[in-house]
Amino acid sequence: MSATGAPGGRTSAAQDRADVLVVGAGVAGLACARDLAAAGVDVQVLEAGDEVGGRMRSDEVDGFVVDRGFQVCNTSYPQVRRRLPLRKLRLRPFTAGVLVHGPAGRLRFSDPSRRPRTLPDLLPGRFAGPRDLAALAALSARDMLAPPRRLKRSADTTTRTALADAGISDELVERFFRPFLSGVFLEDELETSARFFHLVWRSMLRGTLCLPAAGVGALPRALSAALPPYVVRLESPVAGLTDAGVLTVEGDEIPARAVVVATGPGAVAGLLPDVSTPETRVVTTYYHVAPRSPLGEPTLLVDNRRRFLNTCVLSDVVPEYAPPGLALVATSVLGRNTAGRERAVRAAAGEAYGTGTDGWDLLTQRTVEDALPAMTPPQPLTRTTRVTPGRYVCGDHRATGSVQGALASGARAAREVLHDLRH
């Protein structure tokens, strides 16, 4: 039993009904429940799994910390700063930059304002020409300094078009932006909304990418810990919605004045088939154990041949991810695992790191089906959570594909539920 949840069944008669039921204990559902509880509403969260987090779960596998897919925490997200005890999470930062593997070997793309000694990496002719560097500086300054409201209201195109409009050459797009952003958007054609790109680029310039010492699952656990006792009910899958509330898989009906479905798009379609949901991106992450780190620094590595989305030595970022004397390498690819794919990915990662991989062992792999919603233009950056009277849907697929989007959608659901209950 967790501090805020009970596995299966009822723990008290009060759990036979609630003012509001939230289906799903991902970060969107937990944020929604927290705001409702803070407003004095009797709320329960029904979670099918044995732990909170949804896609943001961390497992222990043979002494290693394994996240369910490669994810990071961005300290510039307003919802993250407002809701999470960042100091208590013991965040470990990535390097403020990216290594790009290409025909000329590894090139470093860094923010010289944070690491002045990396300025030579951006000298004209090494990573990009003078025109590209000037265009990149202008784009970065505009996104970093512009109010988010202005970026959200800008005309929407694809990311590729936005980069061309900013004066970025096709050469730099193919060398850096396409391989890097494919790991951010989980698509490699740069068809994602330009509005979302500008907001993401802004957040990266203003914040720091980190991992909690206990894994990304520490974020939803911290949200859950802020809830009153027994609000979250683990191992409580929902079979469907009824006119009065929800029906559990055990055949029990739990009445409620309002129901918030805070699940991924696939589960939403099963509970509320009339709700339109976006296509989603699928990603698979392979976790390899190596006898030593092939890199020796907490930096993300991408491949401009796009044989993988990105790879990093997680134990270089967070030593607690691996037992002493071993290294944990995570490499992500688009789509699902197929026969022979792990071997090809391991070989490509080894080439990018410049090392042999005969001593690497596959620890495990994780495929996330609803990893991110597709965000093609025109992309609304937020949408109402109301579906029908007393029925609401929240999650990153109702906002933006990020932790910020999920938390913001959960907060919006709470506001709309409170408004409707009071009126």
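This tour of a predicted model goes from a pocket to a set of salt bridges.

Begin by selecting Pro-78, Pro-148, Lys-152, Leu-199 and Gln-404, which are the closest to the centre of the second largest pocket among the 24 residues that line it. About 630 Å³ of space lies in this pocket. Colouring helix H2 (78-83), helix H4 (148-152), helix H7 (194-206) and helix H12 (403-422) will then show the elements that each give two or more residues to the lining. If the lining is coloured by class instead, ten residues are nonpolar, eight are polar and six are charged.

Turn next to the salt bridges, of which the structure holds 22. Select Asp-59 and Arg-366, whose side chains meet in one of these at 3.4 Å, N to O. Because Asp-59 belongs to strand E4 (residues 58-61) and Arg-366 to strand E19 (residues 361-373), the pair ties together parts that are 307 residues apart in sequence. Both Asp-59 and Arg-366 are buried.

Move on to Glu-174 and Arg-160, where the salt bridge is 3.1 Å, N to O. Here Glu-174 lies in helix H6 (residues 170-185) and Arg-160 in helix H5 (residues 159-165), so the pair ties together parts 14 residues apart in sequence. Glu-174 is partly exposed at 29% relative accessibility, and Arg-160 is partly exposed at 27%.

Staying on helix H6, select Arg-175 and Glu-171, which lie four residues apart, about one turn of the helix, and whose side chains meet in a salt bridge of 3.2 Å, N to O. Arg-175 is partly exposed, with a relative accessible area of 24%, whereas Glu-171 counts as exposed at 52%.

Technical notes:
Residues numbered from 1 in each chain as written. Predicted model: local features only at pLDDT ≥ 70, side-chain atom pairs only at ≥ 80, totals over all residues. Heavy atoms only, no water. 1 Å grid on protein atoms, 1.4 Å probe; cavity = no way out; pocket = protein on both sides within 12 Å on 5 of 7 lines; lining within 4 Å. Points joined across faces, edges and corners; volume = space filled by probe spheres on them. Nonpolar A, V, L, I, M, F, W, Y, C, P; charged D, E, K, R; others polar. Salt bridge = Lys/Arg side-chain N within 4 Å of Asp/Glu carboxyl O. Buried < 20%, exposed > 50% of the residue type's maximum accessible area, 1.4 Å probe, protein only.
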